[in-house]
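Here's a quick briefing to read next to the model. Have a look at the structure first, then run through the notes.

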Amino acid sequence: MIRMQCLTTHRPMRAGRRARAGRWCCAPLLALLAGCAATEFQVQMEIPEPLIVRMPLVVGYHMPAAFRSAVHREKRYGSEYVIEIGPAQTAGFDRLMNAMFTRSVPLSAANAGAATDPEIRGVLEPVLEEFSFVTPSDTGTPLYAVSLKYRINAYRPNGEFVDSWTFTGYGTQPASQMPGQGKSLLQKAATVAMRDAGAKIAVELREQAIVRGLIEAPDAARSGEIQPPP
């Protein structure tokens with residue numbers, strides 16, 4: 001009887017130890033799985049309508065499929081990042097084109113301007129060349145930063161290539177002391193970077209239009225001088 005009592009007394013203790021050991025073994029595994037969870041988000045479009053005088057031009061613009069559906073995928077430190085960029089930059093570029101010119105015409109191809117509308121003076125095509133970001137883990141500084149590098153190609157209405165120019169939008173957000181804020185802060189930094197890129201489009205497109213002779217420079221317009229044709 002004593003032997004049996006000892007056996008029945010120790011069996012629950014061993015089971016309890018096994019249960020506790022199981023919980024301790026699962027804890028690192030759960031932490032590892034949590035660390036490997038993908039960071040997924042869509043960049044938000046917060047490009048305000050530019051407060052500028054419309055350029056007296058009718059332009060066409062073509063946004064390629066790669067631009068409209070752009071997604072940045074990257075694995076870093078065992079974690080996967082999936083950042084959807086296409087919808088926001090598509091809506092932003094469309095808003096800028098409609099706000100910056102007398103009239104803008106969306107096109108199915110860069111060489112479709114002449115056949116679509118005889119008033120089109122040129123065709124613009126945006127290209128996302130690079131998306132990059134850093135986190136506090138990368139730099140050791142309490143900062144999330146995003147950069148978006150764009151190229152805009154310019155064509156004549158018949159599709160003949162004229163030129164292209166590049167620019168980069170930057171956005172940053174300070175890290176938070178609150179845990180679990182990394183995703184939203186990186187998303188905000190990307191949104192700020194896209195807004196910065198939009199502001200540069202509003203300025204640089206006008207400068208390029210003057211350089212290419214598509215519109216007159218302000219001084220030339222006042223003096224009656226005519227800029228050379230493109």
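Predicted model: local features only at pLDDT ≥ 70, side-chain atom pairs only at ≥ 80, totals over all residues.

Residues are numbered from 1 along each chain as its sequence is written, and side-chain values use heavy atoms, with hydrogens and water left out.

**Cavity**

- There's one cavity of 30 Å³ or more in the structure. A cavity here is a set of points on a 1 Å grid over the protein atoms alone where a 1.4 Å probe fits but cannot get out, and lining residues have an atom within 4 Å of a point.
- The largest cavity comes in at about 100 Å³, with volume taken as the space filled by probe spheres set on the points, which are joined across faces, edges and corners.
- Its lining counts 14 residues, and nearest the centre sit Phe67, Gln89, Phe93, Tyr150 and Ile201.
- Helix 3 (86-100), strand 7 (143-155) and helix 6 (182-211) are the elements giving two or more residues to that lining. Helices (H or I, at least four residues) and strands (E, at least two) are DSSP runs, numbered from the N terminus.
- By class, the lining of the largest cavity has 11 nonpolar, three polar and no charged residues. Nonpolar covers Ala, Val, Leu, Ile, Met, Phe, Trp, Tyr, Cys and Pro, charged covers Asp, Glu, Lys and Arg, and the others, Gly among them, count as polar.

**Salt bridges**

- Searching the whole structure turns up eight salt bridges, each being a side-chain nitrogen of Lys or Arg within 4 Å of a carboxyl oxygen of Asp or Glu.
- Glu74, Arg76 and Asp138 are linked in a salt-bridge network. Arg76 pairs with Glu74 at 2.5 Å, N to O, and with Asp138, where the closest N and O atoms are also 2.5 Å apart.
- The Arg76–Asp138 pair links distant parts of the chain, 62 residues apart: Arg76 is in strand 3 (residues 71-76) and Asp138 in helix 5 (residues 136-139).
- Arg76 is buried at 15% relative accessible area, whereas Glu74 is partly exposed at 22% and Asp138 is partly exposed at 25%. Buried means under 20%, exposed over 50%, and partly exposed in between (1.4 Å probe, protein chains only).
- Glu129 and Lys149 meet in another salt bridge, at 3.9 Å, N to O. Glu129 sits in strand 6 (residues 122-134) and Lys149 in strand 7, 20 residues apart.

**Nonpolar cores**

- The largest nonpolar core has 40 residues, and Met97, Met100 and Leu205 touch the most other members. Such a core is a set of buried Ala, Val, Leu, Ile, Met, Phe, Trp, Tyr and Cys residues joined through side-chain atoms within 4.5 Å.
- Helix 6 gives this core its largest share, 10 residues.
- Apart from it lies another core of seven residues, including Val58, Leu107, Ile120 and Tyr155.
- Leaving out residues up to four places away in sequence, Met100 touches Pro50, Ile52, Val53, Arg54, Met55, Ile201, Ala202 and Leu205, contact meaning heavy atoms within 4.5 Å.

**A residue in helix 3**

- Thr90 lies in helix 3 and is buried, with a relative accessible area of 17%.
- Not counting residues up to four places away in sequence, Thr90 touches Met63, Phe67 and Arg68.

Key: 1 Å grid on protein atoms, 1.4 Å probe; cavity = no way out; pocket = protein on both sides within 12 Å on 5 of 7 lines; lining within 4 Å.
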